[in-house]
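Q: Could you take me through a structure feature by feature, giving the general idea before the particular case?
A: Gladly; please have the sequence and the model open as we go.

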Amino acid sequence: MRKNLYITMALVALLFGTGSCDKDFEEINTNPIQPTSLNPEYLFSNAQLISAVNSLGYQAPIVQQVQIPYMGNPAGGNLNVVNETQSAPIFNDLYTGAIRNLTDVIDKTKDDPSKSNLYNMARIWRAYCFQILVDTYGDVPYFEAGKGFLESTYLPKYDEASVIYEDILKEYQQATDALDPNGDIVQGDLFYQGNIEQWKRLGNSLLLRTGMRYTEIDEAKAQSIVTIAVDPARGGVITSNEGNAYVSYSSIFIHPFSAPLMATERHNYYVGAPFVEYLQSTDDPRLEYIAVKYENPVNPLETAGAENTNPEDQQGMPYGYDDTNIASAPGFPGKINAAFAYSQFNRRTILRLDRPEFLVTYAQTSLLLAEAAHRGYIPGGEAAAQEYYETGIRAHMEQMEAYSGDTENAIIDISTEQVDAYLAQPQVAYDPARALEQINTQYWVASFLQYHEAWANFRRTEYPILEPINYPGQDPSVNETGGGFIRRLPYPLRERSVNEDNVDEAIARMGGNTLGNPVFWDVVR
């Protein structure tokens, strides 16, 4: 057999020549229609899309705007318990999607002057993604992250959160300054279609947001960063709702969080009681478009006129209960078929399948400026603080119009007169003695549906004033070290099993891997 094989090979060599097997080998074996590399603009667009992350299982109930009264798979922030199903997706989605793509974009464009703007946009947005990761988990892979297919770095080191933040600050500032209005136009940009002025304002607004994270640990540093961020010579911050960074969805390309709440999960999620009660206490015109009581929550849109949006009739679901004992909660409204009779989110407005997902907004930026002015970080004193405060509230009420539907009872139109009346209420009217509470409670409202940012600002400021959930079976670390609230999420089990040494080093450095273990800028009070 072997002899015959040698003879066959010799005949092939005589007939075709010894080098003929290699002739045009690469061309013959290359698929002519399959791309060998991806356009970095497409990678950037995809990263922007993937970065629109939120956690209905943790962040939303932690800030008590959403309540899920169930144990098992949906459990997490509603009961202050560890649940891998709910805690891991942000880590996994950002690293395997957005950060991997952005790292590739940066690698492809770093030495190409014709793509300088794309390069710097990718730097800004990569820093944004990492900021979410640090704020959520603490120490995470940073300097070696996203380089598995570039450098075969499959087990990246975990870097100290405070060190990562220093580099994030550098990236925001340097990349924003490097953006060139006369440079390349990134047409695949989902936010601004390549508008450099808007991107400069976005970068500076993110720098402002990051600077304010330091208020409780280093006020001098916070003020220094804020001063740089608001410098008009660098382009300034977002100055109108036209500058909001958001991802658009459509009736075909539907919103990933609205989809389950409009379908299989529609009767499992309710508006949190503290959120409803605060909006009611201030006669907030936004409540009418946020909360609704359905005649049939299981199939809420089956009957015309079956929706009660009267703000006075809304009842949010309280915390500290699960589906087995919530009947003992004060004022329990009972059930309608398989659903509880508490207020739910309006499916014609804020849960529309084609609703936008806001990421960085004029309202948030204005409220941060209000706090910065109140603290004396920027000029203008209390007069400027009041102006920024009122501007932030007006901006968010105008932003709500983006959730308008196509039916008469879904059109959001909050009039100037309604806003004026709201701002004149004693509880809302700006008071320097209560400024920090007022500003940051409004930031909580303005960050509705942007739960990761609402959670971060709540941990930084401890506003709004919320009562701890105190669920009987909660993780003990929530009270032991977290002051009654979840301060971070644990690392995914996959990371702990695959990248064990680096994860263990990070856990030892942070002093634990618990729900009650705060990130570096979070001072538990």
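Q: How many residues does helix 9 have, and what does it reach from its first C-alpha to its last?
A: Helices are DSSP runs of H or I with at least four residues, strands are runs of E with at least two, and both are numbered from the N terminus. The expected span of a helix is 1.5 Å times one less than its number of residues. Helix 9 has 18 residues and reaches 25 Å from its first C-alpha to its last, which is close to the 26 Å expected at 1.5 Å a residue. This is a predicted model, in which local features need pLDDT of at least 70, side-chain atom pairs count only at pLDDT 80 or more, and totals for chains, interfaces and linings use all residues. Residues are numbered from 1 along each chain as its sequence is written, and side-chain values use heavy atoms, with hydrogens and water left out.

Q: Which residues of helix 9 are buried, and what do they pack against?
A: Buried means under 20% relative accessible area, exposed means over 50%, and partly exposed lies in between (1.4 Å probe, protein chains only). The buried residues of helix 9 include I164, Y165, D167 and E171. The buried residues of this helix pack against helix 7 (116-137), strand 2 (140-141), strand 3 (158-159), helix 10 and helix 11 (219-229), where contact means heavy atoms within 4.5 Å.

Q: At what angle do helix 10 and helix 15 pack?
A: Axes are lines fitted to C-alpha atoms, for helices over the stretch in contact, and angles run from 0 to 180 degrees between N-to-C directions. Helix 10 (residues 196-212) and helix 15 (residues 362-375) pack at about 45°, with their axes 10 Å apart. Helix 10 is therefore oblique to helix 15, since angles under 35 degrees count as roughly parallel, over 145 as roughly antiparallel, 65 to 115 as roughly perpendicular and the rest as oblique.

Q: Which backbone features stand out in the loops?
A: Most residues other than glycine have a negative phi, and most peptide bonds are trans. The peptide bond from Y463 to P464 is cis, with omega near 5°, and P464 is placed in the loop between helix 19 (451-461) and helix 20 (477-480). N470 lies in the loop between helix 19 and helix 20, and has a positive phi of about 55° although it is not a glycine. N470 counts as partly exposed because its relative accessibility is 43%.
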